[in-house]
Amino acid sequence: MRRYGKNPDEDDVRVRPNRKGNRPRTTIRPKHEDAAEGFVLTVDRGRLHVLIEDRTVVAMKARELGRKSAVVGDRVAVVGDLSGAKDTLARIVRVEERSSVLRRTADDDDPYERVVVANADQLAIVTALADPEPRPRLIDRCLVAAFDAGLEPLLVLTKSDLAPAEKLMESYGSFGIRYVVTSREELTEGDAADRVREKLEGRITAFVGHSGVGKTTLVNALVERQRATGHVNAVTGRGRHTTTSALALPLPTGSGWVIDTPGVRSFGLNHIDPSRVIHAFPDLEPGTEGCPRACSHDEPDCALDAWVTDGHADPQRLYSLRRLLSTRERREGD
Ligand SMILES: Nc1nc2c(ncn2[C@@H]2O[C@H](COP(=O)(O)OP(=O)(O)OP(=O)(O)O)[C@@H](O)[C@H]2O)c(=O)[nH]1
Ligand SMILES: [Mg+2]
Ligand SMILES: [Zn+2]
């Protein structure tokens, strides 16, 4: 699997040139020498829940952080009351350098990008095989986001009790995307939880997907702590956005984290340079060799039409690529 350049947050560029070893140098202020290292588990109405050793401490951003925000997965320095006792509030004085940043915009024309998760190394793209229907274009968008952020994608196909997985498995598996197929029953009674856990061990994995695809059901089967799951609306086929905030949970083996996130309607990619989008289409990328310079891949001389006609890739994928590139320019329903 190819990995692409890390895309660190802009406000992390204050890295000193003479770094010692691999340890990121951060601004050391004498008054925060006693700060504790923590890991952000969730953010709830401006309050951050930070894991410090084995306690969860509720903290707020210190004023000196300015507009810089901490998100789930961030490693932070915390001062103040670190007891974790009820009604105490500690302060986050520093956000450490991030190894990865997963971002999205609400829509492609939304200039406001949000950081979804920091420091993840894997993106689990959760898609139900039915109820709600799979939407390959959302998978493709998540793949673009994963490649751009340097996260390894893992396709998780849920609800295999409702519909067969072969078609999606074949198309995404054929160009090297790893996948697992699960169902609620197999997760609780079969070996699906173990098969999924195997792919998560030792990593920080963010779970993304539409509302109602079964992200929380899956995460609950993998960890010890339980979160509420929802119902898929019988009329619209959409879930009701049961999960409203991202939450990091440790795998029971003690190595690795899973991050459950709220369902998304779309995965806006306004922040990604169009020339990078093609990297998430490894089945099409080699076909662009015959393209004119700076090809938009949506023009008469584009070599991808012949690439698909000659049977090198599924025409649906070219459609998906073109649709993705064009919706980045003008608004269109997905
Ligand atoms: N038939 C079937 N239903 C499932 C399966 N997995 C989950 N469900 C059901 O799908 C519904 C939605 O599951 P959730 O886990 O809440 O979905 P989610 O992706 O977390 O949804 P949001 O939190 O809204 O983003 C629940 O009623 C689950 O019981 C499955 O394998 N098969
Ligand atoms: Mg959920
Ligand atoms: Zn082209």
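## Stop one: the strands

Select Ile125 and you will find it opposite Val208 in S11. (Strands pair when DSSP finds at least two bridges between them; helices, H or I with at least four residues, and strands, E with at least two, are DSSP runs numbered from the N terminus.)

A word on what you are viewing: this is a predicted model, in which local features need pLDDT of at least 70, side-chain atom pairs count only at pLDDT 80 or more, and totals for chains, interfaces and linings use all residues. Residues are numbered from 1 along each chain as its sequence is written, chains are lettered from A and ligands numbered from 1 in the order in which they are written, and side-chain values use heavy atoms, leaving out hydrogens and water.

Now colour strand S11 (residues 204–208): 5 of its 5 residues are buried, so the rest of the structure largely encloses it. Buried means under 20% relative accessible area, exposed over 50%, and partly exposed in between, with a 1.4 Å probe and protein chains only. Ile204, Ala206 and Val208 cover one side, while Thr205 and Phe207 lie on the other.

Ala206 has Ile259 in S13 as its bridge partner.

## Stop two: Asp260

Stay in strand S13 (residues 257–260) and pick Asp260. Is Asp260 buried or exposed? With a relative accessible area of 0%, Asp260 is buried. Its side chain makes a polar contact of 2.8 Å with that of Thr216; such a contact is a pair of N or O atoms within 3.5 Å, and within protein one must be able to donate a hydrogen and the other to accept it, while residues adjacent in sequence count only if both atoms are side-chain atoms.

## Stop three: the zinc ion

Which residues coordinate the zinc ion (ligand 3)? Select Cys291 (SG), Cys295 (SG), His297 (ND1) and Cys302 (SG), at 2.2 to 2.5 Å. Donors are N, O and S atoms within 2.8 Å of the metal (3.2 Å for Na, K and Ca); water is not among the atoms, so sites may look incomplete.

Finish on His297, in the loop between H6 and H7. His297 is buried, with a relative accessible area of 12%.
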